Amino acid sequence: MLKFNIRGENVEVTESIRDYVVKRISKLQKFFKDSVEATAHVNLKVYPNRTYKVEVTIPLPYLTLRAEETSNDMYGSIDLVTDKLERQIRKYKTKVNRKSREKGLKNLEFIPSDNDGTDGQDDELKIVRTKQVSLKPMDPEEAVLQMDMLGHNFFIFQDAETNGTSIVYRRNDGRYGLIEAE
């Protein structure tokens, strides 16, 4: 059963918007068993150029579903984000159900189905290349420079200060992020 936490940034969450979000995202419940309890965190944003961004995060015990979409129409963004979440669920469900058939697992959180409409989309999950790298000690700023020189979107390195493994990456907004492994 899905619960909803709906927030608005620069927009008032009216009853009609709330009802539409609940109606659209509740359709995803058909993919889960009744025993699943989750809260859908929905964030609605309006930017000065009158574009609408909808972000939905649904943390589950075995995975986290997350999608965001921006368009010129709030309701259109809600529809697009729901479609993205449904594709994620179908992809994950296909993978889990295939593994359960192979290994004979029971008690899955997804409702199994023989035809889920994926039509061979499983090929997207194939690893087509393996690469080994040696981690060089450096600071995050140097790692960003290395990443830019290589033209990559991320770079793995050993943090010279902590000796831990870290990753720098380029964010969608053009700035940089840092992931530190524990």
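Modeller: Start with one term. A residue counts as buried when its relative accessible area is under 20%. Keep in mind that this is a predicted model.

Biologist: What makes β3 largely enclosed by the rest of the structure?

Modeller: Count its residues against that cut-off of under 20%. Six of the eight residues of β3 are buried, so β3 is largely enclosed by the rest of the structure. Over the protein chain, which has 182 residues, 32% count as buried.

Biologist: Why is a group of residues called a nonpolar core?

Modeller: The members must be buried, be of the listed nonpolar kinds, and be joined through side-chain atoms within 4.5 Å. The largest such core here has 29 residues. I25, V42, V54, V56, I58, L60 and L65 have the most contacts inside this core. Six elements each supply at least two of its residues: β1 (2-9), α1 (15-26), β2 (38-46), β3 (52-59), β4 (64-71) and α2 (74-103). Another core lies apart from it, with seven residues, including A143, M147, F155 and V168.

Biologist: What does V56 touch, leaving out residues up to four places away in sequence?

Modeller: A contact needs heavy atoms within 4.5 Å. By that test V56 touches I25, H41, V42, L65, R66, A67, V81 and L85.

Biologist: How do you know that β3 and β4 pair, and in which sense?

Modeller: Pairing takes at least two bridges. β3 and β4 have eight, so they pass, and their sense is antiparallel. Within this pair, V56 stands opposite A67 in β4. I58 has L65 in β4 as its bridge partner.

Biologist: And what joins β2 to β3?

Modeller: Six bridges, again against a need of at least two, so this is a pair as well. It is antiparallel. V42 has V56 in β3 as its bridge partner. The hairpin of β2 and β3 has five residues between the strands, and R50 takes a positive phi near 65° there.

Biologist: What makes β1 and β4 edge strands?

Modeller: The order of this open sheet is β1-β2-β3-β4, with mixed pairing. β1 and β4 each have a single partner strand, so one side of each is left without a neighbour in the sheet. On average, neighbouring strands are turned by 10° against each other, direction ignored. α1 packs on this sheet and touches β1, β2 and β3. The direction of α1 makes about 135° with that of β1.

Biologist: Which strands form the other open sheet?

Modeller: Four strands, in the order β5-β6-β7-β8, with mixed pairing.

Biologist: Why is β5 counted as paired with β6?

Modeller: The rule asks for at least two bridges. β5 and β6 (residues 154-159) have two, so they meet it, in the parallel sense. M138 stands opposite D159 in β6. Helix α3 (residues 140-150) packs on this sheet, touching β5, β6, β7 (165-170) and β8. Its direction makes about 150° with that of β6.

Biologist: How many bridges join β7 to β8?

Modeller: Five, and the two strands run antiparallel. R170 has Y176 in β8 as its bridge partner. These strands form a hairpin with five residues between them, and G174 in the turn has a positive phi of about 90°.

Biologist: What makes a residue part of the lining of the largest pocket, and how many are there?

Modeller: A lining residue has an atom within 4 Å of a pocket point. The largest pocket has 13 such residues, and K131, V133, H152, F155 and I156 lie nearest its centre. β6 gives the largest share of the lining, four residues. The volume of this pocket is about 330 Å³.

Definitions and conventions
Residues are numbered from 1 along each chain as its sequence is written. This is a predicted model: local features need pLDDT of at least 70, side-chain atom pairs count only at pLDDT 80 or more; totals for chains, interfaces and linings use all residues. Side-chain values use heavy atoms; hydrogens and water are left out. Buried means under 20% relative accessible area, exposed over 50%, partly exposed in between (1.4 Å probe, protein chains only). Axes are lines fitted to C-alpha atoms, for helices over the stretch in contact, and angles run from 0 to 180 degrees between N-to-C directions. On a 1 Å grid over the protein atoms alone, a cavity is a set of points where a 1.4 Å probe fits but cannot get out, and a pocket is an open set with protein on both sides within 12 Å along at least five of seven lines; lining residues have an atom within 4 Å of a point. Grid points are joined across faces, edges and corners, and a volume is the space filled by probe spheres set on the points.
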